[in-house]
Amino acid sequence: MKNLSVMIKPASALCDMRCAYCFYNKAPLGVMSREVASAMIKNIFCELESGDHITFAFQGGEPGLAGLDYFTFFVEEVNKAKVAGIKTHYAFQTNGLMINEDWCRFFKANKFLIGLSLDGDSALHNKNRMDSKGKGTFSRVMKAKTLLDRFKVDYNILCVLTAESARRANKIWDFVLREKIGYIQFIPCLEPLGEKDKNALTGAKFYQFYSSIFPLWKREAEKGNLIVIRFFEDLAAMLLAGQPTTCGLSGGCRPQIIVEADGNVYPCDFYVLEEYRVGNFTDNNIREIFEAIVAGDFLKDSGQRPISQACMDCPHSRWCRGGCRRMSNAVYGDPCGMRLFLDECLNDLIKVYRAAMQ
């Protein structure tokens, strides 16, 4: 049984927001044509069989700019291409500005899991997440959240963790409780490749945030309200079940399939660069793409990345190995935020999850 995931950028870098920390600021390729989408779907399902699972995850830019009709077409093409017994899943990461009742009906009918970008309360969110006119978007995103709740669409909150917001753990947690958020993923704010960014997270800030929010989360969990923080969930899966669920958490890169709007495929969302292109879904099927990724330089470079002496001396290095190359400064860095957090909170985190499993 195969369990595959394909991340698609149907509108490339097109976006109706101008986030201060956006690293995906390349020249947009426009919307993926229906011909490219059809070829991609065909070249994926030709290698799948009954019992296999395939997840189509849409990201950007803002994938909603491809239009609701486009996604209706996409789902119809998938339904025509798949054979009985293949399980299809959909995920859709959005800034929320386009979400209305029609989108919610579509999401609900086709069981889409939504990732809604929301950086906390209005002050934190509006500081970095502006529209094309430079205006804050908090109130519009909250309207989208209200609609998702009303239509009972499954969604997670995606919160970019910047150097500043890392100092606001209490404020962010109050917002999580007030808005009854059940699942939240804090995404480290990274510097663009080869550039500096004052918003970027550091190892010290990473530790400051998670060591501050952990006791608040733990207290809530002990009251029977186990709110999912993705980082804690990933750690528990790694340490209790030996199953890394996040690329890079175990110290290396795993094969990913990232598809740009022109059909070109890359092995990592952070490295959509020509030097790492492994094929195009109009010419290659998913088996050929996967084999090219496994044989390519990107994964080889990841496996050959030197481990620092500090990592070698760390008691957690047997599974962490200094993280992935893209997260090294934002999470591990000097000092290593991961080690500082684990030294302080690891035992209590494991206790919380073991209690929840009973």
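Reader: Is Thr-162 buried or exposed, and how do I read that?

Author: The general idea is a set of cut-offs on relative accessible area: under 20% is buried, over 50% is exposed, and partly exposed is in between (1.4 Å probe, protein chains only). At 3% relative accessibility, Thr-162 counts as buried. Do keep in mind that this is a predicted model: local features need pLDDT of at least 70, side-chain atom pairs count only at pLDDT 80 or more, and totals for chains, interfaces and linings use all residues. Residues are numbered from 1 along each chain as its sequence is written, and side-chain values use heavy atoms, with hydrogens and water left out.

Reader: Where does Thr-162 lie, and which residues is it in contact with, leaving aside neighbours within four places in sequence?

Author: Thr-162 lies in the loop between E5 and H6; such labels are DSSP runs numbered from the N terminus, with helices (H or I) of at least four residues and strands (E) of at least two. A contact means heavy atoms within 4.5 Å. With neighbours within four places set aside, Thr-162 is in contact with Tyr-21, Asn-128, Cys-189, Asn-199 and Leu-201.

Reader: Now the backbone. Which residues other than glycine have a positive phi?

Author: Most residues other than glycine have a negative phi, and most peptide bonds are trans. Lys-152 has a positive phi of about 55°, in the loop between helix H5 (138–150) and strand E5 (155–161). Lys-180 also has a positive phi, near 55°, in the loop between helix H6 (169–178) and strand E6 (183–188). Lys-152 is exposed at 61% relative accessibility, and Lys-180 is exposed at 72%.

Reader: And which residues does a cis peptide bond join?

Author: Gly-60 and Gly-61, with omega about 15°. Gly-61 is in the loop between strand E2 (53–58) and helix H2 (68–81).

Reader: How many disulfides does a search of the whole structure find?

Author: A disulfide is a covalent bond between the sulfur atoms of two cysteines. The test used here is a pair of cysteine sulfur atoms within 2.5 Å, and the search finds 0 disulfides. Take Cys-22: its closest cysteine sulfur, in Cys-19, is 6.3 Å away, so that is too far for a bond. Cys-22 is partly exposed, at 37%. For Cys-104, the closest cysteine sulfur is in Cys-15, at 18 Å, also too far for a bond. Cys-104 is buried, at 0% relative accessibility.

Reader: Finally, the whole fold. How many helices and strands are there?

Author: The protein has 14 helices and 10 strands. Its radius of gyration is 20 Å, close to the 21 Å that the globule rule gives for 358 residues, so the protein is as compact as a globular protein of that length. That radius is taken over C-alpha atoms, and the rule is 2.2 Å times the number of residues to the power 0.38. Buried residues make up 53% of the 358.
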